[in-house]
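Hello,

Here is the structure we talked about passing on. Please load it first, then read my notes below.

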Amino acid sequence: QVQLVESGGGLVQAGGSLRLSCAASGRTFTSYAMGWFRQAPGKEREFVAAIKWTGGSTFYADSVKGRFTISRDNAKNTVYLQMNSLKPEDTAVYYCTTNPPPWGPGDYWGQGTQVTVSS
């Protein structure tokens, strides 16, 4: 079992920045690729970013490339999502997951953290 707890969400104006954190506990954190998804009201949950357990490979949705950066600190069992140049369409609940695409479908999930970007 892996427990994931997201934090760092909030309300920000368009063009602003936020950094999300996902703290993992339970099974060995370094065994997992980690990723972020998001779900806006009335929409399907969508992939945002992923990072391999070594941190050497990262993947991004086209909609966030160049604006978001995923990173991890295995010593702290934490994965981060730095979000810059935020847009109103980034408004969503952001979820942390283990074993994300392209390596898997997403196994364990956190409870989510709300990000709201005002125009």
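**Strands and pairing**

S1 and S3 run antiparallel and are joined by 6 bridges. Within that pairing, Ser-7 has Ser-21 in S3 as its bridge partner. Keep in mind that this is a predicted model.

S3 also pairs with S8. That pairing is antiparallel too, over 6 bridges. Here the bridge partner of Cys-22 is Val-79 in S8.

Then there is an open sheet of 6 strands. Its order is S2-S10-S9-S4-S5-S6, and the pairing is mixed. The edges are strand S2 (10-13) and strand S6 (58-60), each of which pairs on one side only. From one strand to the next, the twist averages 25°.

Inside this sheet, S4 and S9 run antiparallel, with 6 bridges joining them. Trp-36 stands opposite Cys-96 in S9. On to the next pair: strand S9 (residues 92-98) meets strand S10 (residues 113-118) in the antiparallel sense, over 3 bridges. Val-93 has Gln-114 in S10 as its bridge partner. Tyr-94 stands opposite Thr-113 in S10.

How many residues of S9 are buried? The count is 7 of the 7, so S9 is largely enclosed by the rest of the structure.

**The nonpolar core**

The largest nonpolar core has 27 residues. Trp-36, Leu-81, Met-83 and Tyr-94 touch the most other members. The largest share, 4 residues, comes from S3.

Leaving out residues up to four places away in sequence, Tyr-94 touches Glu-6, Leu-20, Trp-36, Phe-37, Arg-38, Val-48, Phe-68, Leu-81, Met-83, Gly-112, Thr-113 and Val-115. Three of the core residues named above are among these contacts: Trp-36, Leu-81 and Met-83.

**The disulfide**

The structure holds 1 disulfide. Cys-22 is joined to Cys-96, with an S to S distance of 2.1 Å. Cys-22 lies in strand S3 and Cys-96 in strand S9, so the pair ties together parts that are 74 residues apart in sequence. The torsion about the S-S bond is about -80°, so this disulfide is left-handed. Are the two cysteines buried or exposed? Both Cys-22 and Cys-96 are buried.

**Charged pairs**

Side chains of opposite charge can pair when their charged atoms come close. In this model the count comes to 4 salt bridges.

Start with Arg-38. Arg-38 forms a salt bridge with Glu-46, and the closest N and O atoms are 2.6 Å apart. Arg-38 has a relative accessible area of 6%, so it is buried. Glu-46 has 36% relative accessibility and so counts as partly exposed.

Which other residue does Arg-38 form a salt bridge with? The partner is Asp-90, with the closest N and O atoms 2.9 Å apart. Arg-38 lies in strand S4 and Asp-90 in the loop between S8 and S9, so this pair ties together parts that are 52 residues apart in sequence. Arg-38 and Asp-90 are both buried. Through shared partners, salt bridges join Arg-38, Glu-46, Arg-67 and Asp-90 into one network.

Lys-65 forms a salt bridge with Asp-62. The closest N and O atoms of Lys-65 and Asp-62 are 3.2 Å apart. Lys-65 and Asp-62 are both exposed.

Asp-62 is in the loop between S6 and S7. Its relative accessible area is 65%, so Asp-62 counts as exposed. Asp-62 and Leu-81 are 19 residues apart in sequence, and their C-alpha atoms are 15 Å apart in space.

Best regards

Definitions and conventions:
Residues numbered from 1 in each chain as written. Predicted model: local features only at pLDDT ≥ 70, side-chain atom pairs only at ≥ 80, totals over all residues. Heavy atoms only, no water. Pairing = 2+ DSSP bridges. Helix = DSSP H or I, 4+ residues; strand = E, 2+ residues; numbered from the N terminus. Axes fitted to C-alpha atoms, helices over the stretch in contact; angles between N-to-C directions. Core = buried A, V, L, I, M, F, W, Y, C linked by side-chain atoms within 4.5 Å. Buried < 20%, exposed > 50% of the residue type's maximum accessible area, 1.4 Å probe, protein only. Contact = heavy atoms within 4.5 Å. Disulfide = S-S within 2.5 Å. Salt bridge = Lys/Arg side-chain N within 4 Å of Asp/Glu carboxyl O.
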